Amino acid sequence: MPDQDLTAARTGSKVYRIAVIDGPNVSNLGRRNKRMYGGITYESLKDYVQDLGRRMGIEIESFISNFEGEILEYVHESSTRVDGYLVNPAGLTLQSTAVPMALFDTGLPVLEVHFANIEGSAHSARGPVYGPGRSTFTPYLTGLCMGMRHYSYAGALFALVLALDDAQFLGAQQE
């Protein structure tokens, strides 16, 4: 990504703190199906998101775990110090109820991100991801960005910050 000033696209100047939560199997990036996930590692993904945050004038707090209980505890303890969340539920996508409900209960905006298009069919460019199941997170969260590998994080982060800058967009969730 060129070294451009992403703060120029913002309408506000507050330094938000955004928590990025990555769930089970994200730690295995770089060793997973290259057709679906590309060759990016978790460390390079984390650096990419940190750099985007810096360019946007925000702070990124990264958290990764392969254990649902640890993610749940992190949501509970972080909700008073962050302004919003990006979450890649990964291996929890089809089966968690506690984590999406905890995220919802924070009252903060939360965007779900996925490397792959989790709604993709066998005929899509990358093939089916989860089959007929649906994310248990989506109904509880503010928005969703998927199918663009690491660019899903960029799109979700940019959208979240612009929405935070626009008090009318998120309405009563702010202030």
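A cavity here is a set of grid points where a 1.4 Å probe fits but cannot get out. Rolling a probe the size of a water molecule over the atoms shows where empty space is left. The structure shown is a predicted model. By the rule for cavities, the count comes to one cavity of 30 Å³ or more. The largest cavity holds about 30 Å³ of space.

What surrounds this space? The lining of the largest cavity consists of Val20, Asp22, Tyr42, Leu45, Lys46, Val49 and Ser62. Sorted by class, these lining residues are four nonpolar, one polar and two charged. Two elements, β1 (17-22) and α2 (42-56), each supply at least two residues of the lining. The most comes from α2, which gives four residues.

One of the lining residues is Tyr42, which is placed in helix α2. Tyr42 counts as buried because its relative accessibility is 10%, and buried means under 20%. Apart from its neighbours within four places in sequence, Tyr42 is in contact with Asp22, Val26, Ser27, Leu29, Ser62 and Ile64. Among these contacts are Asp22 and Ser62, and both of these residues also line the largest cavity. Tyr42 can also be placed relative to Asn25: the two residues are 17 residues apart along the chain, and their C-alpha atoms are separated by 9.8 Å.

The next step is to look at the whole chain. The secondary structure of the protein comes to six helices and five strands. Read from the N terminus on, the elements follow the order β-α-α-β-α-β-α-β-β-α-α. The protein has 175 residues, and 46% of them count as buried. Its accessible surface comes to about 8600 Å², and 53% of that surface belongs to carbon and sulfur atoms. The contacts tell how parts of the chain meet: among contacts between residues at least 6 apart in sequence, 78% join residues at least 24 apart.

Several loops can now be taken in turn. Asp83 is in the loop between α3 (68-78) and β3 (84-88). Is Asp83 buried or exposed? With a relative accessible area of 19%, Asp83 is buried, because the cut-off for buried is under 20%. Its side chain makes a polar contact of 3.4 Å with the side chain of Lys14. Leaving out residues up to four places away in sequence, Asp83 touches Lys14, Val15, Tyr16, Arg17, Leu108, Pro109 and Leu164.

Thr93 counts as buried because its relative accessibility is 1%, and Ala90 is buried with a relative accessible area of 9%. A polar atom of the side chain of Thr93 lies 2.6 Å from the backbone oxygen of Ala90. Ala90 also has a positive phi of about 50°, although it is not a glycine.

Where is Ser135 placed? Ser135 is in the loop between β4 (110-114) and β5 (143-146). Ser135 is buried, with a relative accessible area of 7%. Computed along the sequence in residues, Ser135 and Pro100 are 35 apart, while in space they are 9.9 Å apart, C-alpha to C-alpha.

The last stop is Arg149, in the loop between β5 and α5 (151-165). Arg149 has a positive phi of about 50° although it is not a glycine. Arg149 counts as partly exposed because its relative accessibility is 25%, and partly exposed covers values between the limits of under 20% for buried and over 50% for exposed.

Notes: Residues numbered from 1 in each chain as written. Predicted model: local features only at pLDDT ≥ 70, side-chain atom pairs only at ≥ 80, totals over all residues. Heavy atoms only, no water. Buried < 20%, exposed > 50% of the residue type's maximum accessible area, 1.4 Å probe, protein only. Polar contact = N/O pair within 3.5 Å; in protein donor to acceptor, adjacent residues only side chain to side chain. Contact = heavy atoms within 4.5 Å. 1 Å grid on protein atoms, 1.4 Å probe; cavity = no way out; pocket = protein on both sides within 12 Å on 5 of 7 lines; lining within 4 Å. Points joined across faces, edges and corners; volume = space filled by probe spheres on them. Nonpolar A, V, L, I, M, F, W, Y, C, P; charged D, E, K, R; others polar. Areas by Shrake-Rupley, 256 points an atom, 1.4 Å probe, with all protein chains shown as cover.
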